[in-house]
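Colleague: Could we go through this model together, question by question, with the criteria stated as we go?

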Amino acid sequence: MTLDKTKIRIKICGITSLVDMLAAMGAGADMVGFNFSPRSPRVVSVDKAAGILKEAPKGVQRVGVFQNAPVEEVVDATRCLGLHYVQLHGDESPEDYRDAGVPIIKAFSIADAADVERAAASTADILLLDSRSPLGGGSGQTFDWSLVRNLDRHFFIAGGLRPDNVAGAIEALFPWGVDVCSGVEKGPGKKDKSLLKAFVSEARSAEERVFAAVRGR
């Protein structure tokens, strides 16, 4: 466990509407994700994301989620939307997307130690560790968190997080961030305000318990 950060980043992914954007911000999210992969049930166009962001207040970091998209498409979307991070979910090399000019998050499916080694060797700025899914994420299933307990990288934990288990993930790993999508939804692409609030509350409470335990040693 490393404690070189002031707080865990809470990222709400799969934003598809202004209502959900406002609900995520109101719950206290640090980051929101817009999915531009055509394979995702939560896919939005750059134009739709721009419309949402035009109406939303400032104060939350924006992440664009892509899967094997052309470099020019990612760079254009980053500039158009003022993205703070680019998140890659395909076979891409992070180095090919450096022209976007923002930190790169690279997603890895984790099922065994070899997957962890691949993730650790990535040149991405931040890792996103997820369970295996044919869509490259969004399975709603957790993976064996003990596999990444000793990973010395900034990483998000994703995959199957919900209000009832996010505290366990934080207390076990104290990750750089937690990423949730289906675990705070009432249906694909439809966020639930009460679940969003519960998720953030549980994450912050667990974060404080971890800091308190370390301070008390």
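**Cysteines and barrel strands**

Modeller: Cys13 is buried, with a relative accessible area of 7%, where buried means under 20%, exposed over 50% and partly exposed in between, for a 1.4 Å probe and protein chains only. This is a predicted model, in which local features need pLDDT of at least 70 and side-chain atom pairs count only at pLDDT 80 or more, while totals for chains, interfaces and linings use all residues. Residues are numbered from 1 along each chain as its sequence is written, and side-chain values use heavy atoms, with hydrogens and water left out.

Colleague: Is Cys181 buried or exposed?

Modeller: Cys181 has a relative accessible area of 16%. By the cut-off of under 20%, Cys181 is therefore buried.

Colleague: Which residue in β8 is the bridge partner of Lys11?

Modeller: Strands are DSSP runs (E, at least two residues), numbered from the N terminus, and two of them pair if DSSP finds at least two bridges between them. A closed barrel of 8 strands runs from β1 to β8 with parallel pairing, and 4 bridges join β1 (residues 9-12) to β8. In β8, the partner of Lys11 is Asp179.
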